[in-house]
Amino acid sequence: MTSSERARAEPGVPTLALTPGEPAGIGPDVVIAAAQTAWPARLVAVADPELLKARAAMLDVPLELHAFDPEAPARRQRAGTLYVDPVHCLRMTATRGKWI
């Protein structure tokens, strides 16, 4: 860790992993809704970033995704942002309310 990274680190900030579950279910909506609030923790969605981007656009909600780096210092979550540890869905279209 560089000295500038240490200066930006916020000691004691936990990292919380969120899993949206079934791509066609309500889980992605819940993860996106959680990202709209500032949190005293770093939120990390273990999800397909393309799914989250598409769902946020469908919901007309701003969402700025950042790649999760487990080595980077944890900082408090800013509203409208979300760290993502990518897990890609099958290359099928997930339609809200329709099970795959």
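Welcome! The structure holds 3 salt bridges, where a salt bridge is a side-chain nitrogen of Lys or Arg within 4 Å of a carboxyl oxygen of Asp or Glu. This is a predicted model, in which local features need pLDDT of at least 70 and side-chain atom pairs count only at pLDDT 80 or more, while totals for chains, interfaces and linings use all residues. Residues are numbered from 1 along each chain as its sequence is written, and side-chain values use heavy atoms, leaving out hydrogens and water.

- Aspartate 29 and arginine 55 join their side chains in a salt bridge of 2.5 Å, N to O.
- Aspartate 29 sits in helix α2 (residues 27-34) and arginine 55 in helix α3 (residues 49-59), so this pair ties together parts that are 26 residues apart in sequence; helices (H or I, at least four residues) and strands (E, at least two) are DSSP runs, numbered from the N terminus.
- Both aspartate 29 and arginine 55 are buried (buried means under 20% relative accessible area, exposed over 50%, partly exposed in between, with a 1.4 Å probe and protein chains only).

**Within helix α3**
- Lysine 53 and glutamate 50 form a salt bridge at 3.3 Å, N to O.
- Both of these residues, lysine 53 and glutamate 50, belong to helix α3 and are 3 residues apart, about one turn of the helix.
- Lysine 53 is partly exposed at 44% relative accessible area, and glutamate 50 is partly exposed at 45%.

**Strand and loop**
- Arginine 78 and glutamate 64 meet through their side chains in a salt bridge of 3.7 Å, N to O.
- Glutamate 64 lies in strand β3 and arginine 78 in the loop between β3 (64-67) and β4 (81-86), so the pair ties together parts that are 14 residues apart in sequence.
- Glutamate 64 counts as partly exposed, with 39% relative accessibility.
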